[in-house]
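Visitor: I am new to this structure and would like to understand how its descriptions are reached. Could you show it to me and then take my questions in turn?

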Amino acid sequence: MPPSREVMPVDILFVGAGPASLAGAYHLLTLVEKHNESVASGGGKEIGPLEIAILEKGSSMGAHAISGAVMDPRALAELIPDFEEAGFPAESPVTSDEVRVLSAKGGFRLPAVPPTMRNDGNYVVSLGKVVSWLAEKVEEKGAFILPEFPGREPIFDGSRLSGIRTTDRGLDKEGNPKGNHQPGADITARVVVLGEGPRGSLTKQLIARHGLDEGTNPPVFATGVKETWRLPEGRIEPGKVIHTMGYPLDSSTYGGGFIYGGADGMAAIGFATGLDYHHPATDPQAELQRFKEHPFVVALLEGGEVVSFGAKTIPEGGWFAMPRPYFDGGMLIGDCGGFLDPSRLKGIHLGMKSGMLAAETILEGLIADDFSESQLAGYRQRIEASWIREEMWKSRNFHQAMDSGLFGGMARIGIQMLLGGRDIRGDRVSAAPGHTHMKRLSEAGGDRARPTVDNERIFDKLTNVFHSGAIHEEDQPVHLVVSDLDICRTRCAEEYGNPCRFFCPADVYEMVEEDGGGLDLRINASNCVHCKTCDVMDPYQIITWLPPEGGGGPSYKNL
Ligand code: SF4
């Protein structure tokens, strides 16, 4: 007899143990404690013990967490006012800020740091460490976290999102059950909060089902690629923050580099490439490697050694690209809801605050015993009335300005700053989906410069994948679903030269000789670091990223 599917009812379900969900669960438990205390003294309806579950696809807390990261502690200070005494694992408070404009061999430091890039009062952090620390706090408070449980599909009760089905374990490549087959569990809940990170696969399904993107700008992303390095003593001051623009990108491609000094000689070196680039051979992993070929970065890394690697997409669309964050039975928080300020390239604080506002909405729903769409609409009102809106409104047209190129874009952003976020093209500037900016080979001209790999300072993709610790069960259905392989062989090869070979930072996609001649797509799914770039940037939009069997993916070390 085939194994039966487990059904696990809980009260509240968060999907994705990132900072948004963890802050949401923690805040909800605090709110319920306070509510019950006030009921005990003043009367009213007490809220009974709650089962709050958090699903996490990674094998451990922080294994899939990656960010730059310079963290604004504003939301954390509201969540845990004594966070420093409570052991907040910052690498260092930010001690200095600089912005450099790089040319191929030189460059200059801006005499003043633009206001949105100043980091006084912020912290250099490893998001992985922050997530592990917060997860402990959340579990001490009474929620439970289920690692190796990726959410695969939404479960509905009529129109209401009533739970999440997790991925099966023990299916072979063709989807047939193996000896260890265990169907995914149905985790049902009174309300489901999605905090699954950028380009969430469940979020995508819910946006389509409920039309949550009606009237919004399309989402726009960048791919951030990062390495951590151990540097010789004294090479970089803890808390030093350097941002760069210019080299290796041409002035029509949006993006830039970052270097952050951490504790104990560690440094984060990263590069973000806007996923609205024009040349189909643009390669975010190669841009990071070329960044490391710049003499300024060469001098910094001399004598150091790489420790880890990772990549993720960054939702940069801003205020107008955010989907409606609530629907019958559920809410969107964090990166999957687009909570990121593109002018500061910061989202951890906004994600945490969104989780906290979702928690306040849940408390109201628990009291009213109602999680319908109209009840959860209170979440959007809270966002509108909070500092999330205040911050994101100022940068509402930031990313759109960048379609004028680096210099034109900087001029427009300067004007936006004077006008409180209004652009010279209007108060609300529209945007096109990032992949539509990609030019055909015949129009793009030339190739992109490639780094010279030595696998000591400049790495190929497979060496970077090794440093990410990515591992998947090999005998399982491929989790990258290409809906029309003929397009890869024919139109895409001709028109764009199969750009998946370039935009994937982990060498997942390869075009290989087929038996009868011609080229065919091979998918090396076990290399995947779950960045979602392919789901975003494929020019035909035929790649869908789905969560693999639980525990698969990167094993990030303090990224
Ligand atoms: Fe990222 Fe897609 Fe490559 Fe996986 S296959 S690493 S999600 S681009």
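Guide: Let us begin with a helix in what is a predicted model: the buried residues of α13 are covered by elements that include β16 (221-230), α5 (284-291), β20 (305-315) and α15 (500-503).

Visitor: What makes helix α13 count as mostly covered?

Guide: A residue is called buried when its relative accessible area is under 20%, and in α13, which spans residues 461-468, six of the eight residues are buried. These are K461, T463, N464, V465, H467 and S468. Just after the helix, G469 takes a positive phi of about 70 degrees.

Visitor: Why is C492 called buried?

Guide: C492 has a relative accessible area of 5%, and because the limit for buried is under 20%, C492 is counted as buried.

Visitor: Which residues come closest to the ligand, and how is the shell around it made up by class?

Guide: The ligand is surrounded by 14 residues, the closest being C504, C528, C531, K532 and C534. By class, the shell has eleven nonpolar residues, two polar and one charged.

Note on methods
Residues numbered from 1 in each chain as written. Predicted model: local features only at pLDDT ≥ 70, side-chain atom pairs only at ≥ 80, totals over all residues. Heavy atoms only, no water. Near = heavy atom within 4 Å. Nonpolar A, V, L, I, M, F, W, Y, C, P; charged D, E, K, R; others polar. Buried < 20%, exposed > 50% of the residue type's maximum accessible area, 1.4 Å probe, protein only. Helix = DSSP H or I, 4+ residues; strand = E, 2+ residues; numbered from the N terminus. Contact = heavy atoms within 4.5 Å.
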